[in-house]
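Visitor: Could you walk me through some side-chain details here? I'd like to start with the aromatic residues.

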Amino acid sequence: MELAYYAGEFRDINEAVIPIDERGHQFGDGVYEFIRVYKGIPFSIERHLDRLERSAKAIFIELPVSRQELKDIIHQAMEKSTLKDADIYIQVTRGIAPRNHLFPDVPAQLALTIRHPRQTPEEAYEKGISTLLLEDERWANCYIKSLNLLPNLLAKQAAASKGCKEAILVKDGYITEGSSSNVFAIKDNVLFTTPATRKILSGITRANVLECAQEQAIQIREQNMTPSFLKDADEVFITSTSVGLLPVSEIDEVELPTFRPVTVALKHAYSLRTAGTKAYQ
């Protein structure tokens with residue numbers, strides 16, 4: 001059963017509960033997190049909650065519940081839904097107040113949903129996905145996981161209109177990340193990815209994959225990549241909580257090699273982590 005949590009209560013996921021003066025609705029004034037549950041265990045939950053706290057602090061929102069209280073709510077949602085594999089979205093906004101750009105003196109609001117996990121077709125993992133390079137038009141603080149996702153949505157839709165599954169964003173001549181993913185490349189058995197600066201959202205899956213690479217003694221370089229470097233790479237893949245590790249087969253109609261030994265090895269290592277989630281909390 002899919003469920004929602006709002007204003008301190010579990011609710012039917014289709015129930016209308018957001019007041020018109022909710023600042024998340026009016027301004028996108030809030031932050032969020034997305035956690036994947038595998039076999040009844042929220043994967044990398046501590047890292048996700050660390051990032052939620054960082055994002056909230058960066059925009060001066062005080063979380064309305066303690067970390068332990070939030071974990072308790074998550075586990076209650078899992079118990080009530082009975083879902084063993086699930087997608088959990090957590091959203092925190094600045095609260096409910098008449099529309100005004102200045103911060104109101106009201107408590108922040110917490111919302112949560114638990115749903116059946118979105119499934120990526122197995123064919124995509126076998127063949128890879130096509131991608132489109134687009135100019136990165138987002139704001140300067142992409143390290144904050146904010147509710148303001150309109151540029152991401154427009155990029156993803158532009159890619160879809162060209163028959164592509166993801167947009168890879170470019171700023172000042174360098175790759176930043178995907179519209180909803182981080183980007184990796186392999187060249188001469190070295191793993192490359194964009195540095196975790198303010199220009200990207202440093203993904204939880206990104207962090208786990210980097211650790212998997214370290215465990216396999218794969219050389220890692222966090223450095224800026226040009227579009228031409230990416231198109232000339234031996235292997236390219238994207239990572240996110242929803243898809244895990246997903247190979248890229250095409251960038252702007254440039255076909256990439258189909259032999260992906262490093263990608264396959266890292267995907268296997270990451271899958272072992274999600275299968276044994278107690279070790280990676």
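Predicted model: local features only at pLDDT ≥ 70, side-chain atom pairs only at ≥ 80, totals over all residues.

Visitor: How are the rings of Tyr38 and Phe43 arranged?

Guide: Their centres are 6.0 Å apart and the planes of Tyr38 and Phe43 stand at 85°, which is over 60 degrees and therefore makes the pair edge-to-face. Tyr38 is buried at 18% relative accessibility, and Phe43 is buried as well, at 4%.

Visitor: Which cluster do those two belong to?

Guide: Ring pairs link Tyr38 and Phe43 with Tyr270 into a cluster, and the count of aromatic pairs comes to six.

Visitor: What about charges, say, which ring face does Arg94 lie over?

Guide: Arg94 lies over the face of Phe103, at 3.6 Å from the ring centre, while Lys267 lies over the face of Tyr125, at 4.8 Å from the ring centre.

Visitor: Switching topic, where is Asn141?

Guide: Asn141 sits in the loop between β7 (129-135) and α5 (150-161), and with a relative accessible area of 17% Asn141 is buried.

Visitor: What joins the side chains of Asn141 and Arg198?

Guide: The side chains of Asn141 and Arg198 are joined by a polar contact of 2.4 Å.

Conventions. Residues numbered from 1 in each chain as written. Heavy atoms only, no water. Helix = DSSP H or I, 4+ residues; strand = E, 2+ residues; numbered from the N terminus. Buried < 20%, exposed > 50% of the residue type's maximum accessible area, 1.4 Å probe, protein only. Polar contact = N/O pair within 3.5 Å; in protein donor to acceptor, adjacent residues only side chain to side chain. Phe/Tyr/Trp six-rings, centres within 6.5 Å; stacked < 30°, edge-to-face > 60°. Lys NZ or Arg CZ within 6 Å of the ring centre and 35° of its normal.
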